[in-house]
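Hello,

Here is the structure I said I would pass on. My notes on it follow below.

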Amino acid sequence: MSLAVVRSQFSPRIAAFLVGEATLMRRLVAESEAPTCVPLSYHSDIQPSYVLWIFSSLVEGMMLLLRALYLVVVFAPALAVAPFADPSDAKLRLFWLELFHSSLERAGAAFIKWGQWAATRPDLFPKDVCETMSKLHSKAPAHSFSQTRKTVEGAFGKRIEELFEDFEEEPLASGSVAQVHRAVLRGQGKKPVTVAVKVRHPGVTEVIRRDFILINWVVKACSHFSGLRYLRLEDSVQQFAVFMLTQVDLAREAAHLSRFLYNFRSWKDVSFPKPLYPLVHPAVLVETYERGESVSRFVDSPKRSHINSALAHIGTHTLLKMLLVDNFIHADLHPGNILVRMERFNPVPGKGLFRSHPHLVFLDVGMTAELSNKDRRTLLEFFKGIAMRDGRKTAECALQFSELQTCPDPKGFVREVEDCFKDWNAMDSAVLHTGDCIQELLERVRRHKVNIDGDVCTVIVTTLVLEGWQRKLDPEYNIMETLQSLVLQSNMASSLSYTIDSIMAP
């Protein structure tokens, strides 16, 4: 094989392509930063910088080639097993899923984030693949404290000791893009404040940039295969690129936090960490440290209490406000990003009776979604169709979720969804859950190759995740019934805002 590759000049062509891609990117950056007027004396300096530019382009090309070879080695086992990993063979399928999961973990930040993004796209990938990719929220290797110190001091131009009274060297958590340290901010005459310092891993942006060059190359190659065109890979990569941009740029996450804080400023049971400006930088984010325990403890607990019901109630209305009123949705609402803090309140003023009440804190708001007015209206009709068990209406809404609809048999899709709803209507409502219905619908969307825009699908899956853990908290609470009761009152956002705020705000 090596001799065949050399004789076909495949390797030199790949190297030339990679160098060309890197050269083109650098040229575009140089042109965008170049001054409009160039003094005559500038021409005397062209030669050395031009040689340096060629050398750096060659180095970049070699880095891309080495990265490509590394990724080929990492993914080769999973790609070799993939043709035989048929769902009918459960053992081999499970082995392939675990192999693919570990390959993504070894491939680095961009591929871990791609896996997390893929988990929100059951319209494109099978259910078992999405479930496996959703497990990529696991702890990633942490970088050293010396690198943390260098990043923080480089971002703010001061030594760590000048900014913080205490800074824990061991991180609280580490993800694929950044890790979090607990610290005590220097008060400057005021009371010291405990903060969380989110620090981006060094070199992660360069690795992600190179990975995107390689991913774009693969997408261009795949676009020549007619069987893959319905996936709209170029659009998907663009959506994923925006998603990665918000994850890597911590200053953007700070802006998201500020927006959520404003939207929920009057709510007593919901809060978000507060970014502490001016200690905000694309590589470092300092925010208030929020105490609490993961909502998973309540979700997994066999005991049922008024606290569980309150958590389900608060979570549902939080999502509905994001979706129906603010059009700004936290798109990563898995239990690891939600803390519960118990607070005491007096239900009867003047009496000495105090009762515990849960308070939800939402973390990690890097991934958000916003919908166009058309998509919001269609999504509401889609949820109403599910709540009212109207199969035709639900299927027709699903077909409207993309302007570039390439479903080969729309009538067949509508007919199959209608048949599903007839079967569901015949079942006991206590046995059939809304989340199961949505999951089955998305499986049919994938099988019929129905296009759904990324943000719409992200909102649907966020609703699905929320419905899943709320069902465990309070089996009797139905998110779709709550949505239906609100939407049927009025479709005006102002009325919905008044209704939801009157329920939740003090």
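Ser271 is part of strand β5 (residues 270–271); strands (E, at least two residues) and helices (H or I, at least four) are DSSP runs numbered from the N terminus. This is a predicted model, in which local features need pLDDT of at least 70 and side-chain atom pairs pLDDT 80 or more, while totals for chains, interfaces and linings use all residues. Residues are numbered from 1 along each chain as its sequence is written, and side-chain values use heavy atoms, without hydrogens and water.

Ser271 counts as buried because its relative accessibility is 16%; buried means under 20% relative accessible area (1.4 Å probe, protein chains only). Leaving aside neighbours within four places in sequence, Ser271 is in contact (heavy atoms within 4.5 Å) with Arg341, His359, Leu360, Val361 and Phe362. With His359 there is a side-chain to side-chain polar contact of 2.8 Å, that is, a pair of N or O atoms within 3.5 Å, where one must be able to donate a hydrogen and the other to accept it, and residues adjacent in sequence count only if both atoms are side-chain atoms.

Phe382 touches, among others, Phe401, Leu441 and Ile460, not counting residues up to four places away in sequence. Leu441 is also one of the buried residues of α17.

Regards

Notes. Buried means under 20% relative accessible area, exposed over 50%, partly exposed in between (1.4 Å probe, protein chains only).
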